[in-house]
Amino acid sequence: MTAELVLEDVHVDYGGVAALKGVSLSVREGELVCLLGANGAGKSTTLRTISGLVRPRRGEVRFAGERLQALSPYQIVARGIVHCPEGRHIFGGLTVQENLMLGAVQRRDAAGVRRDLDWVLALFPDLAQRLKQRGATLSGGQQQMLAIARALMARPRILLLDEPSLGLAPVVVQTIFRVIRDLHRQGTTILLVEQNARQALAIADRGYVLESGRIVSSGTRAELEADVQIEKAYLGA
């Protein structure tokens, strides 16, 4: 069975307020799918629901045919769904290397962990020079690199990326998007939430547009780029 992620009619409430109102979407194995929408549309809530940090009131989340609602977040990570949240959330008091090894805490393949450590440090050479440096002393861009690298150390079958370019300098944004594009080309399945809709669509296979907790549009990159309303609302036309 392929490692397909499926949400069907997912409803999520926060304190009685509806955050998601019947969201349905899918991410097929090997795809890069972007989730677009304004602040407060429900994009981060969607990722948090997939990773088990939020429980749906109604609807179903499945991965490779298995229902995820009854699983804890660490069990969902063990299935290969790894969430890199908005705001980085690295451990500032720990070193870069300690943060990276925490990403692999559920793994038992020591040789594979060593190989993946070399791999993520090749992706982000800035981190390779700072392995003994505490996370809190890194720049914002370096912290974002560390957050993504830590997620990759879990060897995800699907990577959930929430606003990876938020608040970063343009040169760092270019680095982050280059890495995301390269990961996709190497076969990593990615669900990407990103404020920069034009750059997200440029590297995506497909996309969904969320408004007020509902999916209002979806399609291939070309279809969304050709949609006049999407162009006006999200692509800066």
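## Basis

The model is predicted, and local features need pLDDT of at least 70, side-chain atom pairs count only at pLDDT 80 or more, and totals for chains, interfaces and linings use all residues. Residues are numbered from 1 along each chain as its sequence is written, and side-chain values use heavy atoms, with hydrogens and water left out.

## The largest pocket

Rolling a probe the size of a water molecule over the atoms shows where empty space is left. Here the search runs on a 1 Å grid over the protein atoms alone; a pocket is an open set of points with protein on both sides within 12 Å along at least five of seven lines, and lining residues have an atom within 4 Å of a point. Grid points are joined across faces, edges and corners, and a volume is the space filled by probe spheres set on the points.

The largest pocket has a volume of about 780 Å³. Its lining consists of 32 residues, of which V77, I81, V82, H83 and A154 are the closest to the centre. At least two lining residues come from each of α1 (43-50), α2 (73-78), β6 (81-84), α3 (96-103) and α6 (140-152). Helices (H or I, at least four residues) and strands (E, at least two) are DSSP runs, numbered from the N terminus. The most is given by α2, with five residues. By class, 17 lining residues are nonpolar, seven polar and eight charged. In this scheme Ala, Val, Leu, Ile, Met, Phe, Trp, Tyr, Cys and Pro count as nonpolar, Asp, Glu, Lys and Arg as charged, and the others, Gly among them, as polar.

A cavity is a set of points where a 1.4 Å probe fits but cannot get out. The whole structure has one cavity of 30 Å³ or more. The largest cavity holds about 40 Å³ of space and is lined by T49, I50, G52, V54, R55, P56, V61, L68, Q69 and I76. This lining has six nonpolar, three polar and one charged residues.

Helix α1 is mostly covered, with six of its eight residues buried (under 20% relative accessible area; exposed is over 50%, partly exposed in between; 1.4 Å probe, protein chains only). The buried residues of α1 are K43, T45, T46, L47, T49 and I50. Just after α1, G52 has a positive phi of about 85°.

F91, L102 and V105 make a nonpolar surface patch of about 270 Å². Patches are made of residues with over 30% relative accessible area and no salt bridge; like charges are joined within 9 Å, and nonpolar side chains (Val, Leu, Ile, Met, Phe, Trp, Tyr) within 5 Å. Accessible areas come from the Shrake-Rupley method with a 1.4 Å probe, and for residues only the protein chains shown count as cover.

L102 is found in helix α3 and is partly exposed, with a relative accessible area of 36%. V96 is also in helix α3, but is buried, at 0%. V96 and V216 lie 120 residues apart in sequence and 40 Å apart in space, C-alpha to C-alpha.

Most residues other than glycine have a negative phi. H89 has a positive phi near 55°. H89 lies in the loop between β6 and α3 and is exposed, with a relative accessible area of 53%.

E163 has a positive phi near 50°. E163 lies in the loop between β7 (158-162) and α7 (170-185) and counts as buried, at 6% relative accessibility.

## Salt bridges

The structure holds 14 salt bridges (a side-chain nitrogen of Lys or Arg within 4 Å of a carboxyl oxygen of Asp or Glu). One joins R79 and E66 at 3.1 Å, N to O. This pair links distant parts of the chain, 13 residues apart: R79 is in the loop between α2 and β6, and E66 in strand β5 (residues 66-67). R79 is partly exposed at 28% relative accessible area, and E66 is partly exposed at 30%.

R155 and D109 form a salt bridge with the closest N and O atoms 3.6 Å apart. They too link distant parts of the chain, 46 residues apart, with R155 in the loop between α6 and β7 and D109 in the loop between α3 and α4 (110-123). R155 is partly exposed at 44%, and D109 is partly exposed at 29%.

In the salt bridge of D116 with R107, the closest N and O atoms are 2.7 Å apart. Both D116 and R107 are buried. A network of salt bridges links E8, E60, R62 and R67.
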